[in-house]
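This report describes parts of a predicted model. The sequence and structure are shown below.

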Amino acid sequence: MGFATYSTPYDWSRVAKFRAAAAQYPGGAVDLSIGSPVDPVSEGVRKALADASNARNAYGYPATVGTPELREAISQWYRRDRGVDLAAIGASAVPSVGSKEAVALMASLLQLGPGDVIVQPRIAYPTYAIGTQLAGATIKLVDAVEDTASWERIKGVKAIWVNSPNNPSGKVLNAFQLHDIVMAARRIGAVVLSDECYALLGWQAEKAAYAAGGAPVNPLAAAQSAPVAPTALATRDAESQGAPGTSGAASAGLASVAAPSILDPGVCAGSAEGILALYSLSKQSNMAGYRVAFIAGDKALIDPMAALRKQIGLIIPGPVQAAMTFALGDDETVLAQRRKYASRLASLVDGLRAFGYEDAMIPDGGLYVWVKALGTDCWDDMDALATLGIVPAPGEFYGDAGYLRFSVTASDEAVNRAAHRLRGA
């Protein structure tokens, strides 16, 4: 059987008229709808790509599972920035051609189909639902996947999508909530699919500082004064409350501002059994066009998935694997990019609040500000904002027509221009 049919409200042609209207505003449109990075790829990544352009992995067929160097870079990244020793928990990894491909094909790669149920958040990235439909499986929407009672007793549940930080809402699940999801999934023999593509873009410190001062924060100072890392916090709480903790050796730096990982040994009880985590370098390293991501988790699930990927040619090009390897070790560039996004978030939130979106706040994580529409629905606000030359994304695309999503992947100048227009309206 081939792909099943699918349906989705995720149709960007529906935004075209708003873009056309916004373009008429003096100074042109500021498009904050699609989360496509605009900042340059680092010089180190570009050099690694060029240097590998005539290497064995370029003129020959590249390895589906990645070069030894790439596999080691993924393992080191997990140890350094996520506090996870993949080998110690029985985990492996395989690169994917961007995370969207992995999300869309995940149900099919797991050989799920008719009669199988896949749980996902109601407010979510639309490709989860598309992937479930393509496999012919059934979607079960829940308001909160961490409320395990909402899905644990449903017949036929075979997989649960977790997205933390969430796109579009920015919601972050803590280690205890993730642990509960893992344990519930294991009780019913389901796989946990954790989309962690925004994991290193947690904003707890920045959000707290903004809320206290009501003004843009110094993102560098906020990052340097970030509280104890979520994994370390889980350990401390575990010691005092008997709750799940971690034995991972998370570093300071990025680990201190990261959202908890589903593969944290405290979250998964020291075993990757029944867990797959997805990660992408699109946002943290501005490599969306390189299509570099990976799936990590239960070796018993990864190995057959990698074999199938090899047969159908889902392979990252060799030179791109070299660029990915460099990027995974380049935390300095990721930290610099974080500072840009933090500044843009603060500027945009200021403008949105001045315009009347009183619920606008720096998110717990991710790159989007998710706000309740001022009109009867998101489309009313799309009209009003287009008259200011501003184009957000309609919340209907992500599961709630009563909201809008504003992206900060636009340039500093564009975000500040949007904020200025919002403040002056």
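Helix 5 crosses helix 6 in a right-handed sense. The two helices, residues 99–109 and residues 127–135, pack at an angle of about 35°, and their axes lie 7 Å apart. On the side of helix 5, the contact is made by Lys100, Val103, Ala104, Ala107 and Ser108; helix 6 contributes Thr127, Tyr128, Gly131, Thr132, Leu134 and Ala135. By residue type, this contact holds 6 nonpolar, 4 polar and 1 charged.

The model also has an open sheet of 7 strands with mixed pairing, in the order 2-8-7-6-5-3-4. Strand 2 and strand 4 are the edge strands, each pairing on one side only. On average, neighbouring strands of the sheet are turned by 20° against each other, direction ignored. Helix 5 packs on this sheet and touches strand 2, strand 3, strand 5, strand 6, strand 7 and strand 8. The direction of helix 5 makes about 155° with that of strand 7.

| Strand 2 | residues 91–96 |

Val117 stands opposite Val157 of strand 5.

Ser282 is placed in the loop between strand 7 (275–280) and strand 8 (293–298). Is Ser282 buried or exposed? Ser282 counts as buried because its relative accessibility is 7%, and the cut-off for buried is under 20%. Leaving out residues up to four places away in sequence, Ser282 touches Pro37, Met287, Ala288, Arg291 and Val292.

Conventions: Residues are numbered from 1 along each chain as its sequence is written. This is a predicted model: local features need pLDDT of at least 70, side-chain atom pairs count only at pLDDT 80 or more; totals for chains, interfaces and linings use all residues. Side-chain values use heavy atoms; hydrogens and water are left out. Axes are lines fitted to C-alpha atoms, for helices over the stretch in contact, and angles run from 0 to 180 degrees between N-to-C directions. Helices (H or I, at least four residues) and strands (E, at least two) are DSSP runs, numbered from the N terminus. A crossing is left-handed if the near helix is turned anticlockwise from the far one by less than a right angle, and right-handed if clockwise. Contact means heavy atoms within 4.5 Å. Ala, Val, Leu, Ile, Met, Phe, Trp, Tyr, Cys and Pro count as nonpolar, Asp, Glu, Lys and Arg as charged, and the others, Gly among them, as polar. Buried means under 20% relative accessible area, exposed over 50%, partly exposed in between (1.4 Å probe, protein chains only). Two strands pair if DSSP finds at least two bridges between them.
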